[in-house]
Amino acid sequence: MRSELRKSGTDEALQPVHVQALIYLTKANRYSNTPQALADYLGLTKGTVSQTLLVLDRRGLIERYQDDVDRRVVRLRLSSDGEQFLTDNQPTLAWQNATRNISPNRIRNAVSALREALTQLQEDNEGATFGVCHNCSWCQKLSQRIYRCGRMGDRLSGPETRRICRIYEARTAEDAA
């Protein structure tokens with residue numbers, strides 16, 4: 001996958017970390033689209049992420065904007081050129097091609113085992129956990145299309161619940177019951 005990331009950024013003279021940042025921003029929800037969240041997700045220093053964002057900003061692949069509620073918070077999103085870059089390069093397509101002949105059941109089992117291993121690694125190393133909102137213990141379903149983040153108190157649309165979040169907390173057995 002690193003090789004694919006490297007290839008996908010070659011034409012734009014982007015390093016794999018730049019492509020990883022762009023991919024992250026396509027998946028991040030409104031609580032996770034900040035430079036600090038990106039640093040936590042990639043396991044990089046604030047300085048490295050700052051330099052990464054400067055490159056992406058200069059190339060017109062991202063946009064920075066102020067948070068509507070707290071003007072001190074800088075938010076990030078892909079620009080139309082950033083979206084086009086990922087559409088044209090699709091670094092994750094190699095993974096999809098590599099797994100195309102594996103049964104869905106085997107992929108589900110592998111994903112489950114890898115998710116458990118990742119969770120254990122994060123717990124052992126006190127690492128930041130990120131997860132998809134609809135799997136979070138804070139996610140509350142209010143109706144067919146409306147959800148609420150119990151931690152932040154905000155309403156969420158269905159599509160928002162399919163994004164990754166930095167305030168994610170895995171559901172426990174009690175949550176599922």
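Which residue just after H3 takes a positive phi? That's Gly 43, at about 70°.

Quick caveats, since this is a predicted model: local features need pLDDT of at least 70, side-chain atom pairs count only at pLDDT 80 or more, and totals for chains, interfaces and linings use all residues. Numbering runs from 1 along each chain as its sequence is written, and side-chain values use heavy atoms, with hydrogens and water left out.

Okay, H3 itself, residues 35–42; helices here are DSSP runs of H or I, at least four residues, strands are E runs of at least two, and both are numbered from the N terminus. Its buried residues are Ala 37, Leu 38 and Ala 39, where buried means under 20% relative accessible area with a 1.4 Å probe, protein chains only. They pack against H2 (16–27) and H4.

Over in H4, residues 46–58, sits Val 49. Val 49 counts as buried because its relative accessibility is 2%. Leaving out residues up to four places away in sequence, Val 49 touches Pro 35, Leu 38, Ala 39 and Leu 44, a contact being heavy atoms within 4.5 Å.

Of its 35 lining residues, Lys 27, Tyr 41, Arg 115, Leu 118 and Ile 164 are the closest to its centre. On a 1 Å grid over the protein atoms alone, a pocket is an open set of points where a 1.4 Å probe fits, with protein on both sides within 12 Å along at least five of seven lines, and lining residues have an atom within 4 Å of a point. H7 gives the largest share of that lining, 10 residues.

Terms used: Buried means under 20% relative accessible area, exposed over 50%, partly exposed in between (1.4 Å probe, protein chains only).
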